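This briefing goes through the packing and strand pairing of one protein model. Please have the sequence and the 3D view open while reading.

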Amino acid sequence: MSFSNLGLSPEIVRAVTERGYDKPTPIQTQAIPVVLSGGDIMAGAQTGTGKTASFTLPLLHRLSANKGISSNSHGFPPIRALILTPTRELAAQVQESVRDYGKYLNLNSMVMFGGVSIGPQKQKLRTRVDILVSTPGRLLDHVQQGTVNLSRVEVLVLDEADRMLDMGFINDIRRILSLLPKQRQNLLFFATFSDKVKTLAAGLLNNPTMIEVARRNVTAATISQKVYHVDRERKRQLLSHLIRENKWYQVLVFSRTKHGADRLVKQLGEDRIQALAIHGNKSQGARTHALAKFKDGTLQVLVATDIAARGLDISELPHVINYDLPNVPEDYVHRIGRTGRAGAEGQAISLVCVDEHHLLADIETLIEQRLPKEMVDGFGVNPEIKAEPIPNGRKPPSGGGGNQRTRRSAPKSASSKSPRQPSSRTAAGDKKPGSSSPTPRRSGKRR
Ligand code: AMP
């Protein structure tokens, strides 16, 4: 299968070819024909599967093929496509893709998010904007001020809808939906299926095609996963030791909390390791600056919380460190998906103290795999130290074990199986065309 076989225009095929894509990924092969034909889709796919192009390419094709649109109040064509994303970084990244894939087309796009001045956005909205990429909050600010008109939107994309719902955007989304024309195409993407996603889909989608691309194969040979057991008090020293000894030059470190991320940046600085943090309390300028430096290789360590890092496409990242294990086991998969991408070698290391043993057990159950466990010379574990509850986290189970689910429940097929040794499942697509129910098929395969 090639991009031109999928029915995309020569201008779009040229742009993706220049980007170095040889052939469509499974989600692209499945989604592009449906979107081109005007159908709604509900797609389970994570970052790294090529999901952005799976909606952007056919969207660009449709908008450029059909130009007969009247002007808005400023004499420009109205906004024809709206793409909503949960985070600012993802919004910026999606718009970059829209611009890049559409560079040979006569379509204009714009990105909007909070944390930056609203004035320039208002000005830009007075020009021609065919495709608007936005976070929900800032879009509603513009709605309130009467500076955006959504009454002519033909296509709505909800990217990472599950994360938007987890972040409490449901009322914002409902409000935005009420401002859109009833007759439109809806494309809904989620990484993790939940009841909230199901409810949203039921009220939004019209006879959708279900597309489910298998969860990124976390056991892929390109990601080596490892656990270092270490005492709580010595994690920071171990992190500095690993970075220095191994001469790591680009490391993404995950912290469970914003405060923990800031503290770690400070401590790494004391160890003369250059680090910056991205999290929800940082200004947008600081987040953009840190990410740009990290991406261009001038920042050695980026410390991130789960929400801030969600969806970031940092290509060929060599090392991901879980300084803390996440409270939600699915976030482990999202985190380590930052490395070993596009066939590049990657290493995912988790620093685990006694407080986190139950979280590790949850993760191993979810990924159906036992992770190799080691200790680093000079960082042996003191068996006298007892587990303490994690602030804002689930308490360790009193009877050991640790296989209960946290906020989100794992698919049944996962919890009914015991962890097993690494397998080598592929990320093959799994489509159920023409279904009329917005409930995706739950096969034995993990998303
Ligand atoms: P996404 O899942 O949209 O975040 O995309 C992940 C990465 O895959 C991005 O760096 C894309 O540029 C890249 N990508 C998307 N489609 C393809 C393709 N067909 N071939 C190679 N790389 C791709």
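Leaving aside its neighbours within four places in sequence, with which residues is L57 in contact? Those residues are F3, L8, I12, V16, I32 and Y101, where contact means heavy atoms within 4.5 Å. The model is predicted, so local features need pLDDT of at least 70 and side-chain atom pairs count only at pLDDT 80 or more, while totals for chains, interfaces and linings use all residues. Residues are numbered from 1 along each chain as its sequence is written, and side-chain values use heavy atoms, with hydrogens and water left out.

**Nonpolar cores**

- A nonpolar core is a set of buried Ala, Val, Leu, Ile, Met, Phe, Trp, Tyr and Cys residues joined through side-chain atoms within 4.5 Å.
- Buried means under 20% relative accessible area, exposed means over 50%, and partly exposed falls in between (1.4 Å probe, protein chains only).
- The largest nonpolar core has 39 residues, and L57 and I83 touch the most other members.
- Another core, of 34 residues, lies apart from it and has A161, L165, L205 and M210 among its residues.

- P33 is part of helix α2, which spans residues 26-36; helices (H or I, at least four residues) and strands (E, at least two) are DSSP runs, numbered from the N terminus.
- P33 counts as partly exposed because its relative accessibility is 36%.
- Neighbours within four places in sequence aside, P33 is in contact with L6 and Q28.
- P58 is 25 residues from P33 in sequence, and the C-alpha to C-alpha distance between the two is 7.8 Å.

**Strand β5 and its partners**

- Strand β5 (residues 155-158) is covered on both faces: V155 and V157 are buried on one side, and L156 and L158 are buried on the other.
- Strand β2 (residues 81-84) pairs with β5 in the parallel sense over 4 bridges; two strands pair if DSSP finds at least two bridges between them.
- The bridge partner of L82 in β5 is L156.
- Strand β6 (residues 185-190) runs parallel to β5 and is joined to it by 4 bridges.
- L156 has N186 as its bridge partner in β6.

**Strand β9 and its partners**

- In strand β9 (residues 251-254), V251 and V253 point one way, L252 and F254 point the other way, and all are buried.
- Strand β11 (residues 301-304) pairs with β9 in the parallel sense over 4 bridges, and V303 in β11 is the bridge partner of V253.
- Strand β12 (residues 319-322) also pairs with β9 in the parallel sense over 4 bridges, and N322 in β12 stands opposite F254.
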